[in-house]
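Let's take a friendly walk through a protein structure together. Have the sequence and the 3D view ready, and follow along as each part comes up.

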Amino acid sequence: MARTPQPFSDPIYVTRPMLPPLADYNALLETVWDSGWLTNGGRQHQELERALSAYLRAPHLSLFNNGTIALIVACQALGVSGEVITTPFTFPATPHVLSWNNVTPVFCDVDPETLCIDASRIERLVTGRTSAILAVHVYGIPCAVEAIQQVADTYGLKVIYDGAHAFGTEIDGQPITDFGDITMLSFHATKLFHTAEGGALAVRDEKLKKRIDLLKNFGIKNEEEVILPGINGKMNELQAALGLLTLKMVEEERRERSRIAAVYRERLSRLPGVRCVAVPENVRDSHQYFVIRVDAAVARLTRDELYERMRDFNVFPRKYFYPLCSEYNCYRSLPSAAPENLPQAHRAAREVLSLPLFSALGTDGAARICDILDHLLAG
Ligand code: T4K
């Protein structure tokens, strides 16, 4: 009989942030200190905006203090109102930014494979009050961008992408930020690329970037003119300096995550009742998450049992995204939130489990997690 695997001596979380050498950060902070300039579009901010624009091949990028404020500003910049069609299978920030804009979220079911909004079900949710589609590239897997644009064009809707997980994702070599009117990126510490807290909006229209830049700085045009009801969404110099250093590490981090994902894919595909959520072949993976689906009808444990049992081995996976946003108290009474409208989303929320994915785990760490999963699910 196979031996019971040993628990990890330290907790293994779903992710760990890239951390540049502290000495490098201190050196950069010295230049910030010398400048006496801590925020409001300083040198580090300007450099990071330029560097990220080039890295992501996104012609117009605006940095933010976090992804949620960025998304709130995206809605403001496009003037969305009334109803916006969105997905329930996401982080709370997605529907909440609609509420903060006085807009009603209308939940649409998800595609059973990509777990992104099911583009074929959007049209039937369009009403006279619909102003936009807010879709999420879940785990960095792209939405059906062409089909979504087609519905948007037919009904004159704006398209906003929540690309919080999609840093560096490409479809057939085309950057993910090329699609829709605005794409939001999150640079939270748990993201592949991060600035501790942070985010960005990517747009193709220079005029829209100018409007976004005004909105994120209180609508201030100059010392004597405030022309829009803006907010404070600015990324500060300490965040931007960190981003300049983590950006240098991101390619190596991606490579290591890709090796880890290969170990998971190879080992876990043999387990009964387990399948790995995969990015399509024409997509460059952001390697933000590695997610399995546990089919309780076939697997020896339910997803929730597996989640609990892994903790005994000091491994802390996460149920991204359970519960569905449509189940929150603030949204569950919406007609679109009725579970019978959202069968695929409910199934996904019951089955998904995000496994640890970060470079410091290494392929050996991933193999140990596979041993634990083998032990729990195959015996
Ligand atoms: N849209 C989508 C689709 C999103 O997923 C998110 C954020 C947003 C919008 C909003 O973007 P931001 O406003 O956040 O920029 C985490 C993140 O806080 C959140 O950014 C992220 N999505 C979400 C999916 O994950 P929690 O509540 O799961 O975080 P927490 O604190 O439980 O951290 C998860 C694990 O990460 C910990 O167990 C350990 C590790 N960790 C975490 C932090 C903060 C570290 O090792 N170091 C750290 O500093 O939300």
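Arg267 and Asp374 join their side chains in a salt bridge, with N and O 3.0 Å apart. This pair connects distant parts of the chain: Arg267 sits in helix α7 (residues 237–268), while Asp374 belongs to helix α10 (residues 362–377), and 107 residues separate them. Keep in mind as you look that this is a predicted model.

Are the two partners buried or exposed? Arg267 counts as buried because its relative accessibility is 17%, under the 20% cut-off. Asp374 has 26% relative accessibility, so it counts as partly exposed.

How many salt bridges does a search of the whole structure find? The search gives 21. One of them pairs Lys209 with Asp213, whose closest N and O atoms are 2.8 Å apart. Both residues lie in helix α6 (residues 206–215), four residues apart, which is about one turn of the helix. Lys209 is buried, at 14% relative accessibility, whereas Asp213 is partly exposed, with a relative accessible area of 24%.

Lys209 and Asp213 also belong to a network: salt bridges with shared partners join them with Glu49 and Lys216. Elsewhere, the side chains of Glu266 and Arg270 meet in a salt bridge, at 3.1 Å from N to O. Arg270 is exposed, because its relative accessible area is 56%, over the 50% cut-off.

Now turn to the inside of the protein. In soluble globular proteins, nonpolar side chains tend to be buried together. Here, the largest nonpolar core has 47 residues, and the members that touch the most others are Phe89, Leu115, Ile122, Tyr139, Ile148 and Tyr161. At least two residues of this core come from each of β4 (104–107), β5 (130–136), α5 (145–155), β6 (158–162) and α9 (343–351). Helix α5 gives the largest share, four residues.

Pick out Ile122 in the 3D view. Which residues does Ile122 touch, not counting those up to four places away in sequence? They are Ile85, Cys108, Ile117, Ile133, Ile148 and Val151. There is also a second, separate core of 31 residues, with Cys276, Ile292, Ala299 and Leu306 among them.

## Around the ligand

Next, find the ligand. Of the 26 residues around the ligand, the ones that come nearest are Arg16, Thr68, Asp162, Ser186 and Tyr320. In the case of Thr68, a polar side-chain atom lies 2.6 Å from a ligand oxygen atom. The side chain of Arg318 has an N or O atom 2.7 Å from an oxygen atom of the ligand. Thr15 takes part through its backbone: one of its backbone N or O atoms is 3.4 Å from a ligand oxygen atom.

How much of the ligand does the protein cover? On its own the ligand has 920 Å² of accessible area, and the protein covers 77% of that.

## A residue in a loop

Finally, look for Arg332. Where does Arg332 lie? This residue is in the loop between β16 (315–316) and α9. Arg332 has a relative accessible area of 46%, so it is partly exposed. Leaving out residues up to four places away in sequence, Arg332 touches Ser326, Glu327 and Ala337.

Methods:
Residues numbered from 1 in each chain as written. Predicted model: local features only at pLDDT ≥ 70, side-chain atom pairs only at ≥ 80, totals over all residues. Heavy atoms only, no water. Core = buried A, V, L, I, M, F, W, Y, C linked by side-chain atoms within 4.5 Å. Buried < 20%, exposed > 50% of the residue type's maximum accessible area, 1.4 Å probe, protein only. Contact = heavy atoms within 4.5 Å. Near = heavy atom within 4 Å. Polar contact = N/O pair within 3.5 Å; in protein donor to acceptor, adjacent residues only side chain to side chain. Areas by Shrake-Rupley, 256 points an atom, 1.4 Å probe, with all protein chains shown as cover. Salt bridge = Lys/Arg side-chain N within 4 Å of Asp/Glu carboxyl O.
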